[in-house]
Amino acid sequence: MNKTINQKAWFFVLPVIALVAFNAIIPLMTVVNYSVQETFGDNTFFWAGVIWFEDILHSERFHDSLMRQLTFTFTILLIEIPLGVIIALAMPRKGFWVPVCLILMSLPLLIPWNVVGAMWNIFALPDIGMLGRMINSLGIDYNFTRQIGDAWFTLILMDVWHWTSLVVLLAYAGLVSIPDAYYQAAKIDGAGSWAIFRFIQLPKMKRVLTIAVLLRFMDSFNIYTEPFVLTGGGPGNSTTLLSIDLVKIALGQFDLGPAAAMSLIYFLVILLLSWVFYTLMMRDEEQ
Amino acid sequence: MAKITLQDLRHSYTDKPTADDDWALKQLDVEWKDGGAYALLGPSGCGKTTLLNIISGLLTPSHGKVLFGEDDVTHLPPDQRHIAQVFQFPVIYDTMTVYDNLAFPLRNRGVDESRVKQRVTEIAEMTELTPMLNRRASGLTADGKQKISLGRGLVREDVNVIMFDEPLTVIDPHLKSQLRSKLKELHQRVNTTMIYVTHDQTEALTFADQVVVMNFGQVVQIGTPEDLFERPQHTFVGNFIGSPGMNILPCDVDGQNVVVGGVKVEVANKGFVKGDTRKQEIGLRPEFIHFGDQGIPVSVERVSDAGRFKIVETRFQNHTIKLLIDDGENVPADNAHLTFTEDRTYVYGDGWLMEGGQAS
């Protein structure tokens with residue numbers, strides 16, 4: 001069969017290209033622009049080559065916040081993904097309790113991010129917060145504003161509270177889409193509940209779980225508002241994640257060049273890791 | 001291996017069935033002989049799948065018993081009943097190879113690996129899956145996947161019955177007949193009882209030795225394909241099986257005489273004919289009607305050519321009567337009369353064949 005080649009088709013793609021250009025490519029290009037220039041104020045810029053990139057890549061401060069970011073992201077992924085799957089498995093499949101569970105699960109997702117931060121900040125305050133007082137009354141010295149470990153504990157607990165629901169909802173959607181015949185066949189084949197999970201539920205949830213991992217990875221890697229409101233990156237710099245650090249450089253110190261270079265590196269790290277995740281999880285799909 | 005007996009079986013999906021319609025299965029007493037090839041035939045929603053799920057143990061009947069041999073298995077779960085089921089949509093374990101799929105039911109039961117290998121190899125040979133044994137099951141075509149489902153049933157040696165729930169629904173038309181004859185061949189080889197649920201009469205009649213016709217949650221007739229064709233127990237069977245279906249005409253019964261639109265008709269079951277309050281009808285198949293010099297006067301309405309024969313639609317008063325004639329035979333232009341083959345003409349009361357000791 002001969003394919004007709006018709007270059008006019010490009011005209012149909014034009015509106016999309018224009019839209020994407022306005023909301024992604026052009027703003028990104030201004031960042032690229034800043035990242036290769038130096039300014040001394042007065043709105044005058046000089047060509048600086050790749051020195052900002054070299055600076056950032058060699059900066060210990062960047063390494064530290066990248067490590068904190070990776071630690072945070074992988075910790076919450078390791079908690080939220082299995083926990084979400086377990087909760088989804090425990091949820092009822094039909095009946096009155098289904099909508100109740102779904103609504104309860106969706107509630108945390110509906111709360112604005114800075115409200116979540118403020119809520120947990122007050123909730124966890126050691127003197128007046130419910131959580132803080134409870135932990136202290138158990139005889140444990142807990143103060144998330146002073147102690148690094150406590151700050152991390154609170155931060156992770158907050159993220160798990162806020163976002164596990166997303167994993168639950170996605171996993172649940174994957175679970176309910178499994179036709180009854182699979183469970184019936186498994187019963188007839190004498191499969192136990194572990195075998196059912198391992199060979200039916202998990203494979204059938206794979207696609208939604210891939211989406212869940214990717215979404216949670218990207219969102220948690222970009223997280224700003226909640227830790228900013230909860231700890232402000234402290235105590236010290238102990239919870240200064242990448243985006244908090246970026247904002248400090250860009251708006252606190254007004255170092256536009258290094259901030260732009262850092263943004264691009266930040267973006268490339270997310271892109272690279274997302275690709276790695278996707279490739280790893282989809283590796284078996286072809287064949 | 002054992003015969004399967006359904007005793008006084010009834011099932012309802014509602015908690016407190018009151019109306020007649022609440023029962024998905026109304027009243028069933030059926031015996032399936034060991035090693036038989038059965039088809040369960042009926043329109044959608046007639047209770048076929050419900051019955052199947054009761055036999056396999058996926059459903060517990062509201063009333064009555066299921067016996068395998070002499071054992072009451074009514075409350076046993078599916079994995080203890082030694083049954084296998086092939087579903088409408090192929091069920092395979094995506095992440096496993098074809099080999100592991102076939103081995104799965106044995107491994108779950110703790111069969112040792114050398115025996116597993118032996119059985120899987122044997123069954124793969126039977127179902128023509130040998131070349132694909134090491135491929136991932138998810139990569140197979142629909143008919144390949146159905147063969148895996150079937151293979152998982154055959155691989156166990158203790159299977160009492162293999163049930164098929166409309167297994168050819170998702171198979172390409174040109175592969176359907178191939179897979180169907182494969183099934184028939186497998187049945188002759190393994191000699192396990194097979195119950196094949198379908199709403200397609202061709203599938204049922206070609207596969208089964210005994211066809212169980214169901215409608216409205218009850219068994220209407222059990223018989224060989226010939227029985228169903230030659231002596232339908234119910235007008236539903238007459239209509240559902242055969243193409244075109246049986247002609248059903250209202251009639252009057254006066255003593256022993258059967259009168260259709262003022263014309264007296266001789267019938268095969270006249271010894272049992274009674275004039276009573278039931279709705280009286282005669283039924284006869286288009287194959288057993290011929291044009292003649294006398295009999296029922298009709299006008300020919302339409303002739304459609306079906307290849308080796310023609311389907312003629314005629315009009316008698318306000319009823320349509322269809323008949324089949326050979327391709328070469330002429331259709332009378334006017335003044336046509338129909339003669340009915342006496343021993344294939346039956347009188348039905350409220351849909352049921354009038355005979356001694358009828359089930360109604």
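Predicted model: local features only at pLDDT ≥ 70, side-chain atom pairs only at ≥ 80, totals over all residues.
Residues are numbered from 1 along each chain as its sequence is written, chains are lettered from A and ligands numbered from 1 in the order in which they are written, and side-chain values use heavy atoms, with hydrogens and water left out.

E6(B) covers residues 83-86, and it runs parallel to E7(B), residues 161-165, with four bridges joining them. Strands here are DSSP runs of E of at least two residues, helices are runs of H or I of at least four, and both are numbered from the N terminus. Two strands pair if DSSP finds at least two bridges between them. Both faces of E6(B) are covered: B:Ile83 and B:Gln85 are buried on one side, and B:Ala84 and B:Val86 on the other. Buried means under 20% relative accessible area, exposed over 50%, and partly exposed in between, with a 1.4 Å probe and protein chains only.

H8(A), residues 180-188, has seven of its nine residues buried. Among them are A:Tyr182, A:Tyr183 and A:Ile188. After the helix comes A:Gly190, with a positive phi near 80°.

The structure holds two cavities of 30 Å³ or more. A cavity is a set of points on a 1 Å grid over the protein atoms alone where a 1.4 Å probe fits but cannot get out, and lining residues have an atom within 4 Å of a point. Grid points are joined across faces, edges and corners, and a volume is the space filled by probe spheres set on the points. The largest cavity has about 90 Å³. Its lining includes B:Val86, B:Phe164, B:Pro167 and B:Leu168. Helices H4 (142-154) and H5 (173-190) of chain B each give two or more residues to that lining, and H5(B) gives the most, with four.

Now the sheets of chain B. One is open and antiparallel, with four strands in the order E11-E15-E21-E22. E11 (247-250) and E22 (352-353) stand at the edges with a single partner strand each, so one side of each has no neighbour in the sheet. E11(B) pairs with E15 (280-284) over four bridges, and B:Leu249 stands opposite B:Ile282.

B:Ile282 is also one of the residues in contact with B:Thr345, as are B:Val265 and B:Phe340, where contact means heavy atoms within 4.5 Å. B:Thr345 sits in the loop between E20 (336-340) and E21 (346-349) of chain B. Is B:Thr345 buried or exposed? It counts as buried, because its relative accessibility is 0%. A polar atom of its side chain lies 2.7 Å from the backbone oxygen of B:Thr341.

The other open sheet I will mention has three antiparallel strands, in the order E12-E13-E14 of chain B. Its edge strands are E12 (252-254) and E14 (263-265). E12(B) and E13 (257-260) are joined by three bridges, with B:Asp254 opposite B:Asn257.

Terms used: Polar contact = N/O pair within 3.5 Å; in protein donor to acceptor, adjacent residues only side chain to side chain. 1 Å grid on protein atoms, 1.4 Å probe; cavity = no way out; pocket = protein on both sides within 12 Å on 5 of 7 lines; lining within 4 Å. Lists of a residue's contacts leave out its neighbours within four places in sequence.
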